[in-house]
Amino acid sequence: MARTSSVLRIGNASGFYGDRFAAVREMLTGGPLDVLTGDYLAELTMLILARDRLRDPSLGYARTFLRQMEECLGLARERGVRIVVNAGGLNPAGLAEQLRELAQRLGVPTAVAHVEGDDLLPRRDELELPERALAANAYLGGFGIAECLARGADVVVTGRVTDAALVAGPAIAHFGWTAADLDALAGAVVAGHVLECGAQATGGNYAFFGEHDVDHPGFPLAELNPDGSSVITKHPGTGGAVTIGTVTAQLLYETGGPHYLGPDVTARLDTVRLTEDGPDRVRIDGVRGEAPPPTLKVGCNSLGGHRNEVVFVLTGLDIEAKAALVQRQFAAALPPEARPAELRWTLARTDHPDAPTEEAASAQLRLTARDRDPAKVGRELGKAAVESGLAGYPGFHLTAPPGPGAPYGVFSAAYVDAKLVEHAAVLPDGRRIAVPPAPVTGQPADVRQELPHPLPPGPTRRAPLGLLLGARSGDKGGDANLGVWARTDDAWRWLAHTLTVEKLRELLPETAELPVTRHLLPNLRAVNFTLTGLLGEGVAAQHRFDPQAKALGEWLRSRHADLPEVLL
């Protein structure tokens, strides 16, 4: 692959399976691009695709993408934009074949390649992966994508690659990087992480959303340079905003400490520098790269069992007493042999005193049941929940009649030696090119984290944390990630000394008994927390009210603390 010094413009048109359908056309028509990427996969998506594949082995890919290409493939070819997506899911070969047939039907000559080797389900026993797994996929890097592009592909579809690989792969092909170009690779990975969630980088899901026009934010793009530095921006005239704040928020999303491990490189997030580069332009540079670990992460989606949910509405006075009565009557009505393996009661005090509407006067008592046996979350459970309807608390009613229950999934992560994974690029002419693992690997060394000087003592005011701090949160399997950042140096000094693990547990009582890890990222004026086990067995298991921890950060920002008046 020949090296080039020209800037590479990579855009994103999807952050998840179900994102804005029109974004592909918007990105292709909004301004110049070299490559358009789309991220369609998440932990829950892989389970959805696995169930699709069980029903029909020819499926297992994101069908939305095929419809988007029916509308926009000709436009992409006309404008010379290459397309790289992970929409192949569990069946990248099947999607590639569907795209070739579509291109032929449309009369649009298109060279389609795909990347495979991530699917480890056929080797489940050999690699000691969960025996109930419906899908087991290794997170591959960007070199397979690069191989496809370097050998003439117009469209590359992959299965489970890291989200950032969708950007790193085209950069590798364009700039001719090798596995030894660790700093450049790390810079591309950081840019890829900013782009991967679409409009989250342009003001969507942003703590300070009231400061920008975010009714219809545009999707982001990165201008990548040969050294791996980049500028994050968006097409002119599109909504939203690209600021240091929006980029910081996305950098903290679903990350942890200073080491961001990947199959191609370990990017040092504590070395990232962000600077304004004009309106809606943020420069990312200074990123250092280290050798990747010797193992690849494998996402395993398994059938966990069956679950059901019943929600009792409690209105008016004596809410706690009514909730206790429901639980006593339910326990008496359910035969011991029909009791599910897990029963969880959650009371949400959404009621208000002297409320002007009945809904505002009501709380919700949620019963969640889980068991391997579908019968134990079905008819008997529903019968026990409703038979006290005329003999229970005053105002008894449910949000909906009990259903039969449904299967739920469990996500777990495993790690396998990268040398055992057969990463391959399958070219448009059918040739298969083996992609070797990283030649040099290593484990990340501890990073010494130093606190800034504390703010001097002064008067404080009791107020919501969100007046000073931004936050973004999300899920990683059963763990939650919570990134919190300050917008000024003085606010950072206060944040770093105040929001300790102990203080977080006090502010968010749900975390009080959980292992919590805190990392400092001074360049971003941020702390990043990992809350181990908050989400149980992952989003598909529906362990809590907010199963992906999407609003965990906003809950924290709404909590009151003693804020220094000098910062307000």
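I began with an open sheet of three strands, which has the order 9-10-13 and antiparallel pairing. Strand 9 (259-260) and strand 13 (288-290) stand at its edges with a single partner strand each, so one side of each has no neighbour in the sheet. For my own bookkeeping, strands (E, at least two residues) and helices (H or I, at least four) are DSSP runs numbered from the N terminus, and two strands pair if DSSP finds at least two bridges between them. Strand 9 and strand 10 (residues 266-268) are joined in the antiparallel sense over two bridges. His259 has Arg268 of strand 10 as its bridge partner.

A note on the source: this is a predicted model, where local features need pLDDT of at least 70 and side-chain atom pairs count only at pLDDT 80 or more, while totals for chains, interfaces and linings use all residues. Residues are numbered from 1 along each chain as its sequence is written, and side-chain values use heavy atoms, with hydrogens and water left out.

Next I looked up strand 7 (residues 220-224), and five of its five residues are buried (buried is under 20% relative accessible area, exposed is over 50%, partly exposed is in between, with a 1.4 Å probe and protein chains only). Which residues sit on each face of strand 7? Pro220, Ala222 and Leu224 are on one side, Leu221 and Glu223 are on the other, and all are buried.

I then checked the pairing. Strand 1 (residues 8-12) runs antiparallel to strand 7 over four bridges, and Ile10 has Ala222 as its bridge partner. Strand 8 (residues 230-234) also pairs with strand 7 in the antiparallel sense, over five bridges; here Pro220 is partnered by Lys234. The hairpin of strand 7 and strand 8 has five residues between the strands, and Gly228 in this hairpin takes a positive phi near 90 degrees.

**The core**

Leu224 turned up again when I opened the largest nonpolar core, which has 75 residues. Such a core is a set of buried Ala, Val, Leu, Ile, Met, Phe, Trp, Tyr and Cys residues joined through side-chain atoms within 4.5 Å. Leu224, Ile232, Val247, Val272, Ile284 and Val298 touch the most other members. Helix 7 (residues 182-195) supplies the largest share of this core, nine residues. I also listed what Leu224 touches, taking contact as heavy atoms within 4.5 Å: leaving out residues up to four places away in sequence, the list includes Leu8, Ile10, Phe175, Ala188 and Ser230.

Thr248 lies in helix 8 (residues 244-252). Is Thr248 buried or exposed? Thr248 counts as buried because its relative accessibility is 3%. Its side chain reaches the backbone oxygen of Ile244 at 2.7 Å. Beyond its neighbours within four places in sequence, Thr248 is in contact with Leu274, Trp485 and Leu524.

Arg160 sits in the loop between strand 6 (155-157) and helix 6 (165-175). Arg160 is buried, with a relative accessible area of 3%. I found a polar contact between the side chains of Arg160 and Asp163 at 2.8 Å (a pair of N or O atoms within 3.5 Å; within protein, one must be able to donate a hydrogen and the other to accept it, and residues adjacent in sequence count only if both atoms are side-chain atoms). Not counting residues up to four places away in sequence, Arg160 touches a set of residues including Leu41, Met46, Asp118 and Tyr139.

Ala331 is in helix 9 (residues 319-333), and it counts as partly exposed at 48% relative accessibility. Ala331 and Lys376 are 45 residues apart in sequence and 14 Å apart in space, C-alpha to C-alpha.

Last, I looked for gaps. On a 1 Å grid over the protein atoms alone, a cavity is a set of points where a 1.4 Å probe fits but cannot get out, a pocket is an open set with protein on both sides within 12 Å along at least five of seven lines, and lining residues have an atom within 4 Å of a point. Grid points are joined across faces, edges and corners, and a volume is the space filled by probe spheres set on the points.

The second largest pocket has a volume of about 470 Å³. Among its 17 lining residues, Thr346, Glu510, Arg544, Phe545 and Asp546 lie nearest its centre. Strand 15 gives the most to this lining, with three residues.

The whole structure holds seven cavities of 30 Å³ or more, and the largest cavity has about 50 Å³ of space. Strand 2 gives the most to the lining of the largest cavity, with three residues.
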